[in-house]
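Here are a few friendly notes to read alongside the model. Please keep the viewer open as you go through them.

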Amino acid sequence: MPLILETVVTTRSAEGDVHLVPFGLIEDGGEWILAPFRPSPTILNLEANPVFAASSPRDIRVIAGAVTGRREWATLPCAVIPGVRLAESFGHAEFEVVAVEEDETRPRYRGRMVHRESHTPFIGYNRAQGAVLEAAILSTRLTMLEPEKILTEMAYHAIAISKTAGPAEREAWSWIEDKVAAALGRDGPVLAQPDAAG
Ligand SMILES: Cc1cc2nc3c(=O)[nH]c(=O)nc-3n(C[C@H](O)[C@H](O)[C@H](O)COP(=O)(O)O)c2cc1C
């Protein structure tokens with residue numbers, strides 16, 4: 001399996017509207033593949049403007065927010081491509097699309113990195129941020145997965161939340177929990193408060 005980096009991708013429509021979405025970038029021979037499932041505004045945007053930026057958010061709420069209807073995060077102009085990138089990021093890279101592999105389900109856009117930049121030091125990993133990332137991905141696959149599997153995985157990720165989350169991670173987690181609970185037809189939280197012993 002290739003290396004995949006989970007990033008926040010920004011594209012622009014023909015009218016210049018920004019679309020901000022988490023995507024996994026697939027490494028391939030020094031270039032990076034963006035593979036959105038159809039239908040997708042990202043695909044329409046790449047057809048209009050074949051460039052994109054990929055950012056690593058400082059705040060995990062950007063990723064949880066983007067998959068729960070909260071996409072209004074501050075952006076800044078890119079350095080090289082005619083686009084924008086996430087403002088609050090550890091760093092970002094800018095890509096030009098150099099080839100497209102058409103596919104009915106999931107076309108692949110091959111990006112060549114034309115610029116990369118660091119914005120703030122990265123001090124350390126946080127398990128709760130990893131847990132939010134995993135739960136956010138789960139929350140985009142609710143129609144593909146069995147409820148039992150979703151609950152089992154959420155319960156596991158909740159352990160890292162209970163042990164290592166700060167306020168931003170707790171809020172991000174609550175957004176994902178609400179989305180999952182609504183999809184599974186539950187009134188309250190998906191999970192009981194996890195005990196910290198796990
Ligand atoms: C960390 C993360 C990585 C994701 N990677 C992909 C991906 O590679 N391809 C994809 O179609 N959706 C991916 N998703 C789901 C999309 O972010 C989500 O479905 C989004 O709404 C699709 O973008 P669109 O608005 O352009 O259709 C990912 C979600 C998360 C949280």
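The points below go through the ligand site, and then a loop.

1. A word on the source: this is a predicted model. All the values quoted here are computed from it.

2. Where does the ligand sit? You will find it in the largest pocket. The elements that each give two or more residues to the shell around it are strand E2 (18-28), helix H1 (41-48) and helix H3 (127-139). Strand E2 provides the largest share, with 5 residues.

3. Which residues come nearest to the ligand? There are 20 residues around it, and those that come nearest are His19, Pro22, Phe37, Ser40 and Thr42. By class, the shell is made up of 12 nonpolar, 5 polar and 3 charged residues.

4. In the side chain of Thr42, an N or O atom is 2.6 Å from an oxygen atom of the ligand. His19 also uses its side chain, with an N or O atom 2.8 Å from a ligand oxygen. Ala35 takes part through its backbone, where an N or O atom lies 3.1 Å from a nitrogen atom of the ligand. As for cover, the ligand on its own has 630 Å² of accessible area, and the protein covers 84% of that.

5. Both domains take part in the site: domain 1 (4-118) and domain 2 (127-183) each supply at least three residues to the shell around the ligand.

6. Finally, do check the backbone at Pro39. The peptide bond from Arg38 to Pro39 is cis, and its omega is near -10°. Pro39 belongs to the loop between strand E3 (31-34) and H1.

Notes:
Residues are numbered from 1 along each chain as its sequence is written. This is a predicted model: local features need pLDDT of at least 70, side-chain atom pairs count only at pLDDT 80 or more; totals for chains, interfaces and linings use all residues. Side-chain values use heavy atoms; hydrogens and water are left out. A residue is near a molecule or strand if one of its heavy atoms lies within 4 Å of it. A polar contact is a pair of N or O atoms within 3.5 Å; within protein, one must be able to donate a hydrogen and the other to accept it, and residues adjacent in sequence count only if both atoms are side-chain atoms. Accessible areas come from the Shrake-Rupley method with a 1.4 Å probe; for residues, only the protein chains shown count as cover. On a 1 Å grid over the protein atoms alone, a cavity is a set of points where a 1.4 Å probe fits but cannot get out, and a pocket is an open set with protein on both sides within 12 Å along at least five of seven lines; lining residues have an atom within 4 Å of a point. A molecule sits in a cavity or pocket if more than half of its atoms lie within 2 Å of its grid points. Helices (H or I, at least four residues) and strands (E, at least two) are DSSP runs, numbered from the N terminus. Ala, Val, Leu, Ile, Met, Phe, Trp, Tyr, Cys and Pro count as nonpolar, Asp, Glu, Lys and Arg as charged, and the others, Gly among them, as polar. Domain bounds come from an automatic or database domain assignment.
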